[in-house]
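Here is a short report for a first look at one chain.

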Amino acid sequence: MKMEEIKILKPCPFCGGKAEISVSDDEGNHRNEEYENDPWSGLSFKIQHDHESNKGCPIANFEEDGGTVGVYLYDSREEAIEAWNKRL
Ligand SMILES: [Zn+2]
């Protein structure tokens, strides 16, 4: 049986902290994981790396911004992961 290839987010190049994928709609509004099963307003993914748990990181965002890095929306988890990993 072939193992499914699982791509993971590398640690942040600036602070070594953890980054996570968050689910959102096409307009970048944060949604919970369940939304993925019924994406009635479009489905996008964002990289989340918040200031709260990564203090002092130059690219981390504050919680009031949703804790996401930049405004980039990706069509799939893989795309988001690749984009994050590529910039290291
Ligand atoms: Zn960081």
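Arg31 pairs with Asp25 in a salt bridge, with 2.7 Å between the closest N and O atoms. A salt bridge here is a side-chain nitrogen of Lys or Arg within 4 Å of a carboxyl oxygen of Asp or Glu. Side chains of opposite charge can pair when their charged atoms come close. Asp25 is buried, at 1% relative accessibility. Arg31 is partly exposed, at 22%. Buried means under 20% relative accessible area, exposed means over 50%, and partly exposed lies in between (1.4 Å probe, protein chains only).

This is a predicted model: local features need pLDDT of at least 70, side-chain atom pairs count only at pLDDT 80 or more, and totals for chains, interfaces and linings use all residues. Residues are numbered from 1 along each chain as its sequence is written, and side-chain values use heavy atoms, with hydrogens and water left out.

**Salt bridges**

The count comes to 4 salt bridges. The table gives three of them, including the pair above.

| Pair | N to O distance |
|---|---|
| Arg31 and Asp25 | 2.7 Å |
| Lys18 and Glu20 | 3.2 Å |
| Arg77 and Glu33 | 3.4 Å |

Lys18 is exposed, at 61% relative accessibility.

Arg77 lies in helix H1 (residues 77-86), and Glu33 sits in the loop between E1 and strand E2 (44-48), so the pair ties together parts that are 44 residues apart in sequence. Arg77 is partly exposed, with a relative accessible area of 29%. Glu33 is partly exposed too, at 49%. A network of salt bridges links Glu33, Glu36 and Arg77.

**A buried serine**

Ser24 belongs to strand E1 (residues 20-24). Is Ser24 buried or exposed? Ser24 is buried, because its relative accessibility is 0%. Beyond its neighbours within four places in sequence, Ser24 touches several residues, among them Arg31, Tyr35, Phe45 and Leu73. Contact means heavy atoms within 4.5 Å.

**The whole chain**

The chain has 1 helix and 2 strands. Their order along the sequence is β-β-α. Helices (H or I, at least four residues) and strands (E, at least two) are DSSP runs, numbered from the N terminus. Of the 88 residues, 35% count as buried. Among contacts with a separation of 6 or more, 49% join residues 24 or more positions apart.
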